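Please read them beside the sequence and the 3D view.

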Amino acid sequence: MAAISLRKGNTRLPPEVNRVLYVRNLPFNISSEEMYDIFGKYGAIRQIRIGTSKETRGTAFVVYEDIYDAKTAVDHLSGFNVANRYLIVLYYQQTKMSKKFDLKKKEEEIAKMQEKYGVSTSTKDK
């Protein structure tokens, strides 16, 4: 008990630190068991979600029970070599991820509107 309270006592974490990690550059054929073996060494895991679609292959989300375990995993696994690929382990940031998807969605809407109304964006029309 004393070791746990010392570990967490008066330790201020940066604001981007949270329990959810975003992992990139994973081998496409990695299994969930292998993910649990790699990330489970640093603490109790609540959930692992591995990307399966064309856009999300090679990525995963890892959710830890404890924020300090997540921080330890980021510190130790960033740059870790798995099947000749170096992992990129980041803290998940909702605002950055939603902005990416919102931008794609807006670009698609603009393209549809331009097509619908026959508007061209090329500079030679001016």
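1. Patches are built from residues with over 30% relative accessible area and no salt bridge, joining like charges within 9 Å and nonpolar side chains (Val, Leu, Ile, Met, Phe, Trp, Tyr) within 5 Å. Accessible areas come from the Shrake-Rupley method with a 1.4 Å probe, and for residues only the protein chains shown count as cover. Met113, Tyr117 and Val119 make up a nonpolar surface patch with about 330 Å² of accessible area together.

2. The model is predicted: local features need pLDDT of at least 70, side-chain atom pairs count only at pLDDT 80 or more, and totals for chains, interfaces and linings use all residues. Residues are numbered from 1 along each chain as its sequence is written, and side-chain values use heavy atoms, leaving out hydrogens and water.

3. Strand β3 (residues 60–64) has 4 of its 5 residues buried, so the rest of the structure largely encloses it. Buried means under 20% relative accessible area, exposed over 50%, and partly exposed in between (1.4 Å probe, protein chains only). Strands (E, at least two residues) and helices (H or I, at least four) are DSSP runs numbered from the N terminus.

4. Strand β3 runs antiparallel to β1 (residues 20–24), joined by 4 bridges, and Tyr22 stands opposite Phe61. Strands pair if DSSP finds at least two bridges between them.

5. Arg46 and Glu65 form a salt bridge (3.0 Å, N to O); the term requires a Lys or Arg side-chain nitrogen within 4 Å of an Asp or Glu carboxyl oxygen.
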